[in-house]
Amino acid sequence: MKAMLSTAPGGPETLELTELPDPKVQAGHLLVRVRAAGLNFPDTLMIRDLYQIKPPRPYAPGGEIAGDVIAVGEGVEGYSVGDRVLALTGFGGFATHVNVDATKAVPVPDDMPYDDAACFIFTYGTSHHALKDRAKLKAGETLLILGAAGGVGAAAIELGKAAGAKVIAAVSSEDKAAFCKELGADETLVYPRDLDRDGQKALSGQIKELAGPRGVDVVYDAVGGAYAEPAIRSLAWEGRFLVVGFPAGIPKIPLNLTLLKGSQIVGVFWGASVRVDPKGHAENMADLFKLYAEGKVKPRISATFPLAEAAQALELMQDRKVMGKVVLTVD
Ligand SMILES: NC(=O)c1ccc[n+]([C@@H]2O[C@H](COP(=O)([O-])OP(=O)(O)OC[C@H]3O[C@@H](n4cnc5c(N)ncnc54)[C@H](OP(=O)(O)O)[C@@H]3O)[C@@H](O)[C@H]2O)c1
């Protein structure tokens with residue numbers, strides 16, 4: 001087998017394509033021949049030891065994959081050799097072969113190609129859990145998405161529209177704004193790549209102008225940093241602010257802002273919710289496959305790279321250049 005291994009903490013340039021002995025299937029696992037691997041922001045953090053999961057080195061990053069089952073481990077029921085699966089791997093996905101915990105694999109519908117399947121569960125799973133379970137987003141409400149052209153943000157646009165919300169997509173460039181419009185956003189706004197105090201005030205004003213006098217019912221914050229506070233200031237009465245991610249840093253928020261709007265700051269930890277509520281997760285996946293079959297959601301893959309070029313793919317993501325998803329194809 002081949003794997004892009006992280007042998008020392010550092011950026012994407014530290015990954016090494018390495019030939020390894022073919023693995024044996026482990027008990028409770030499926031051995032999967034990977035066909036495609038989706039990239040996510042945590043991959044860029046994990047290889048630098050900046051993520052909550054710190055696998056022992058050497059290891060291949062890669063938190064989600066799609067491929068074919070080539071061996072079924074002892075104690076696993078319901079899967080056969082040849083089944084197409086997608087799976088959350090946590091790490092290990094940037095490789096030709098990976099042992100997948102059978103409880104973290106999901107059969108792939110016949111109409112879904114490997115590249116879509118490899119970048120489906122993480123972003124749509126997160127955004128569906130956030131909007132449905134955590135925010136309880138309702139039709140007719142206004143949803144503001146920060147970082148709306150990224151992986152989870154783009155999924156939130158489609159899911160927000162499918163739920164009947166008015167969607168305001170906030171991003172750092174006109175190109176990204178046009179991309180969000182194509183995905184169905186009703187309104188877009190462009191914020192600066194660095195936000196000072198004046199920029200924060202201007203952003204708050206822009207949001208209020210687009211949202212109207214009531215304000216925003218739900219904020220989906222996949223960016224954090226200085227962008228969070230202006231969004232909280234634009235909340236409607238009883239608005240909900242979803243804490244999703246911090247590529248721009250972990251914000252500190254004056255709590256009086258929540259009192260003034262009767263609003264809530266709501267944490268979103270999709271990975272933990274999958275473990276705590278497997279039944280709810282299965283229902284959410286069924287919702288998402290139905291939406292995919294109806295054409296209401298579809299991963300927007302803006303770039304694909306071969307496994308050997310995983311470093312270039314990760315650089316796009318850390319340089320804030322990705323629109324939608326980036327996928328590695330594993331031939
Ligand atoms: N809570 C959960 O359960 C959960 C689940 C999945 C992911 N996440 C988190 O959600 C966040 C987004 O993940 P993703 O995979 O969608 O990432 P992504 O595709 O890279 O999107 C992140 C967006 O953040 C914005 N951004 C602002 N400052 C940035 C910076 N310094 N570096 C990079 N991007 C920056 C960029 O949009 P603009 O350029 O338009 O600002 C970018 O499109 C990550 O923090 C990830 O860890 C959380």
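**Close-ups of the ligand site and a buried strand**

**View 1. Meet the residues around the ligand.** In this predicted model, the ligand has 25 residues surrounding it, and the closest are S172, K176, Y191, V268 and W270. Sort the shell by class and you get 16 nonpolar residues, seven polar ones and two charged ones.

**View 2. Now zoom in on oxygen atoms of the ligand.** Look for S172: one of its polar side-chain atoms sits 2.6 Å from an oxygen atom of the ligand. R320 also uses a polar side-chain atom, which lies 2.8 Å from a ligand oxygen atom. With W270, it's a backbone N or O atom that lies 2.8 Å from an oxygen atom of the ligand. How much of the ligand's accessible area does the protein cover? On its own the ligand has 900 Å² of it, and the protein covers 91%.

**View 3. Step back to see which parts of the chain supply the shell.** Why does the ligand lie between domain 1 and domain 2? Both domain 1 (2-120 + 299-329) and domain 2 (123-271) give residues to the shell, so the ligand lies between them.

**View 4. Here's strand β6 and its neighbour β3.** Strand β6 covers residues 97-101, and four of its five residues are buried, so the rest of the structure largely encloses this strand. Its pairing with strand β3 (residues 29-38) is antiparallel and runs over five bridges. To spot one of the partners, find L30 and then look across to V100 in β6.

Technical notes:
Residues are numbered from 1 along each chain as its sequence is written. This is a predicted model: local features need pLDDT of at least 70, side-chain atom pairs count only at pLDDT 80 or more; totals for chains, interfaces and linings use all residues. Side-chain values use heavy atoms; hydrogens and water are left out. A residue is near a molecule or strand if one of its heavy atoms lies within 4 Å of it. A polar contact is a pair of N or O atoms within 3.5 Å; within protein, one must be able to donate a hydrogen and the other to accept it, and residues adjacent in sequence count only if both atoms are side-chain atoms. Accessible areas come from the Shrake-Rupley method with a 1.4 Å probe; for residues, only the protein chains shown count as cover. Ala, Val, Leu, Ile, Met, Phe, Trp, Tyr, Cys and Pro count as nonpolar, Asp, Glu, Lys and Arg as charged, and the others, Gly among them, as polar. Domain bounds come from an automatic or database domain assignment. Buried means under 20% relative accessible area, exposed over 50%, partly exposed in between (1.4 Å probe, protein chains only). Helices (H or I, at least four residues) and strands (E, at least two) are DSSP runs, numbered from the N terminus. Two strands pair if DSSP finds at least two bridges between them.
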